[in-house]
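Subject: Structure handover and notes

Dear colleague,

Please read the notes with the coordinates open beside you.

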Amino acid sequence: MLLIAFLIGFPALVALAVAVAPTADLRSQLVRWSAVALAVGSAVLAAAYFRSEPLYFSVGEGLRQLLDLAFMIGGLVVAAVLLFSCRRVKGKEWAIPALIVLQTSLILVAELGPAHPVVENPFYVDGFSLLMVLIIGLVGGLITLYAIRYMRDYHAHANGVADRQPAFFAVVFLFFTAMFGIVLTNHITGLFFFWEITTFCSFWLISYSGTDEAIRNGYRALALNLIGGVCFAAGIVWMTYSPDLRTWELDTLIASGGAVALIPAALIAVAGLTKAAQMPFHSWLLGAMVAPTPVSALLHSSTMVKAGVFILVKLAPVFHGTVPGLLLALIGGVTFLATSLIAINQRNAKLVLAYSTIANLGLIVMCAGVGTTATLWAAILLILFHAVAKALLFLSVGSTEHLIGSRDIEDMEGLVYRQPILAMTLMVGMLGMFLAPFGMLISKYTCFKAFLTVDVFPGGGVLLLVILAFGSAPTLFFWTKWMGKLVAMPRREQPRIGAVPGEESFALLVLTAATYISCVLFPVVDWAFIQPFTHDLMMSGLIPVGDDSTPWETVLMMTLMLGGLFLLPLLFWLRPPKFTPISGYLSGANVAGSASYRGAMGAEREVAARGYYLTTLIDEQRLTRQGVLAAGALTIAMLAGTLA
Amino acid sequence: MSFLKKSPWILHYAATSCNGCDIEVLACLTPLYDVERFGIINTGNPKHADILMVTGSVNEESRKVLENLYAQMPDPKAVIAIGACALSGGIFRDAYNVYAGIDQVIPVDVYVPGCAARPESIIDGVVQALGILEERGKQRKRQRKVALS
Amino acid sequence: MSYETLALAAAFIVLGPLVGGLLAGIDRRLTARMQSRQGPPILQPFYDVLKLFEKDTTIVTSLQTLYVWCFLFFMVISGVILYLGGDLLISLFALTVSGIFLVLTAESTNSPYSKIGSARELVLMMAYEPMLIMVPLGFFLVAGSFRAADIAAGDPSQVIQLLGVLIGFLFILTIKLRKSPFDLSSSHHGHQELVKGLTTDITGSDLALVEIGHWYENVILLGWLYLFFAPLGVLWALPIALVLFFAEVLVDNTNARLKWGTTVKASWWVAGLFGVTNLLVLPFI
């Protein structure tokens, strides 16, 4: 309990301290050691409770009322701050203050209502939330470490951007408070309060640079997340006044099952969908790209979007075996398919990462919607692997951008020769994202197996399988294309580029190691965190009893592959074959020792070969429109389906 | 036994020829002559080729290409000059822009005369080149052993 | 995993290249006969590869060799899983990894021919992947397991139940075997606009390893094809699989090459029409 209070309270205190720190040096030290403290704190919490049953912590009567009051006043303060931030809205953005007012009045209706439900246990830990704490603490901590140096460079590069670093780091730590709050709170209005803080933090961080584009994108993120917030508030109102289900406790909501809890669960799920950037709400995550890279890394990997899928996975037992559950899975499916295809079109590295994030979250939503033991297992592992690999990728792209001055994939040609360490971290990140034997594939494998047995309505399972099959193919395409660019022989002598700064490379190397280790040790993660979580759900009869163990033969083969991927490069490094180097084939017209050829009139020309972006096959705009329409219709159908 | 003899892959380069000899080279691939019987394949890629067949007279433009192609062929390799122009410059021998035979540019192992050279004699030329190729293969093997020890 | 399957997997590692090379030899002989030529000896592919080992190896970048090793390694792993009677889906994943390393080999040079080849190979992988994934899914729905051993011991009627999946598989088999009309990434004959596409800058022993990898791949694909008919018993299944396998030679010789856009669309349509429909109606068959 003290640890939980530490994890939630400490970042908030640090945020205050950082904001008022007198010198930049002191601030950096403070940020550094606080990030370490958070990482240690989360590790200690995980070590203290791993493999335990879900534990609920109750508080005394006085403290309980204090908490209720704190969450209500806190919510009002957040709403006021948000309203204040709306002073620069333009055009259609007038809807934002309206949404804030609507959401605040809804939540007040619930909170000020006569005798609202009593929350016995406002805090809890279970296997899943422990794993989330670990991800937030470790991955988020590493990103914060990385950000210290990055933000200094950022302001050296970006002219005309007001240096608001104290506030920046304060908001980042506030974000941690909110994230820890979300994964450890059983109190639903508390959850809502933390939820709104993440909305505010993401809005502030996205508009950090203060350019018009950044501000507009920040407002878009705010608007879309507020739609989710309104639905969340509506769900809370339902839970306050409903005759069947009167509770403010998350575990009671989940335990009530699909019969009575479906309506509030679906409303909260919409909030989850907005936060997890699923179609039709996905565009805010693309806009979030304008933020400094550590922010993108935070939003994409360990925080924000993970809050969305966290709540969806928590609610999975309610959705299991229901039609709205299948529709939820299909929303994820549509998103997965459409964004995987669109990612092929992208040349901007950060956009590729953004689309792939949305696609992977789509996959997690698919799993959550189905909600069997196996899919929950897969979803949780996906969250873990994705957080590590995506943080690694974003940070690597950020460093690359600082060194080569571009985030265009085409400009990263030959990075293996120019900056081997960065190329290596990028490659490991990508391998982790889509290739066997890395984690994503283990989860995908489980998804295939689990979807085969979905029988909510005839053909539903096959539909999900087909989406998974067709969505995986483009994934392979855009990652390999990028990897190909990284390993390509540069066409000419490239200018030397500087080394990656120490703190940045520390974060990168630790994340690289984590990508490998999480793949090797996933059975341990399974044993320590996931099994206690799913077993408890199975014991309470919320999800059907299923076998979530991986056959030892599969583990053996995966280990063999991982070993090969490790040993072959090692062997190559120890005993490199001695072959004669020669220039590439250019129809005999090559100019010696380079990738240039003698063209017409004896002029020397450089070979140009670009990646395929398949714009004739895939039309980004059309696909986005179709995806948004389909997912929008599915969302409405899901909400309507709960009433039926 | 060397497998070089069993699977000679060919690169055919026309250094400004009149295409007479080229047509005869391609004729070797047709069902009538079917050189694939002997494992001969026209690769069109110097990096995969064992035998370079050159037709036509070399001029300053095609010289560099020819040199490049020859350089990109991995050892052991052999060169066949096909047709009068490749042998000696042919009727263009005295032209200001033409080399008198491709052996002035790269080393040639087998000369196949004719204008145009007949498919039979081209195939015969390849068979002769195989002997040379095998000899070079053995040499190369010895060289590698020496380099290793 | 029994001694029998262990022996089979060991046989795959040792004899796989031999069988694969023979298949390639027969393929070339058949092609020649269809073109009224006599064609090379059946053992010609072995001569070619052994010759390549006698040649010098030149490289554009030394990393090429590493990628070729990885390509071969994952190909063998994929086959071992299959012939151990193991999980088809895992075998498929390994096959994909292997394909990606081949693409990286070609990408790592700076020849535009090689790059076009690798880009097209990637497009092809994207084209056949959905249908390829549907094959194990179909087997699972029929036999209740992803394991090759369970599928082989399944019901003889499974090939009828999975007819659509089989048709789809035969379609993408043409792509996987790099046959016309889908030989976009590396043409059989070098004297074309692509030169040799993927393998343009791979020489000597590296090229030999790629060739051996392709032989392994042939045996793996033949194994997949065999699985459809396996419950009929080896006396029926093997001849049928071989006949279907060599039917691809006929397709190869009677078709001109397609463009990549058409290829992707065609493969996805086939996957949708035959594969998905088959999976959807499976409960009613």
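I begin with chain B, where strand S3 (residues 51-55) and strand S4 (residues 78-82) run parallel and are joined by 5 bridges; helices (H or I, at least four residues) and strands (E, at least two) are DSSP runs numbered from the N terminus, and two strands pair if DSSP finds at least two bridges between them. Please keep in mind that this is a predicted model, in which local features need pLDDT of at least 70 and side-chain atom pairs count only at pLDDT 80 or more, while totals for chains, interfaces and linings use all residues. Residues are numbered from 1 along each chain as its sequence is written, and chains are lettered from A and ligands numbered from 1 in the order in which they are written.

The sheet of chain B

S1(B) in turn pairs with strand S2 (residues 41-42) of chain B in the parallel sense over 2 bridges, where B:Ile10 has B:Asn42 as its partner. Taken together, 5 strands of chain B form an open sheet with parallel pairing, in the order S2-S1-S3-S4-S5. The edge strands, each of which pairs on one side only, are S2 and strand S5 (110-112) of chain B.

Helix H4 (residues 119-148) of chain B touches S3, S4 and S5 of chain B, its direction making about 160° with that of S4(B).

As for burial, 5 of the 5 residues of S3(B) are buried, so this strand is largely enclosed by the rest of the structure; a residue is buried if 20 or more other C-beta atoms lie within 10 Å of its own, exposed if 12 or fewer, and partly exposed in between. Both faces of S3(B) are covered, with B:Ile51, B:Met53 and B:Thr55 buried on one side and B:Leu52 and B:Val54 buried on the other. Strand S1 (residues 9-14) of chain B is likewise largely enclosed, because 5 of its 6 residues are buried.

Helix packing in chain A

In chain A, helix H5 (residues 127-157) and helix H6 (residues 165-184) pack at an angle of about 175°, with their axes 10 Å apart. H5(A) and H6(A) are therefore roughly antiparallel to each other, on a scale where angles under 35 degrees count as roughly parallel, over 145 as roughly antiparallel, 65 to 115 as roughly perpendicular and the rest as oblique. Among the residues that meet are A:Ser129, A:Ile136 and A:Gly140 in H5(A), and A:Phe168, A:Val172 and A:Phe176 in H6(A). By class, this contact has 11 nonpolar, 4 polar and no charged residues; Ala, Val, Leu, Ile, Met, Phe, Trp, Tyr, Cys and Pro count as nonpolar, Asp, Glu, Lys and Arg as charged, and the others, Gly among them, as polar.

A:Gly137 is also found in H5(A), and it counts as buried with 27 C-beta neighbours inside 10 Å. Not counting residues up to four places away in sequence, A:Gly137 touches A:Leu38, A:Ala39, A:Gly41, A:Ser42 and A:Ala43.

Contacts between chains

Chain C gives 59 residues and chain A gives 52 residues to the contact between them. H5(C) gives the most to the side of chain C that touches chain A, with 17 residues, and by class that side has 38 nonpolar, 15 polar and 6 charged residues. Strand S3 (residues 580-581) of chain A also pairs with S1(C) in the parallel sense over 2 bridges, and A:Pro581 stands opposite C:Ile59 there. Elsewhere, 19 residues of chain B are in contact with 27 residues of chain C, and the chain B side divides into 4 nonpolar, 9 polar and 6 charged residues.

With best regards

Terms used
Two residues are in contact if their C-beta atoms, placed from the backbone, lie within 7 Å. Axes are lines fitted to C-alpha atoms, for helices over the stretch in contact, and angles run from 0 to 180 degrees between N-to-C directions.
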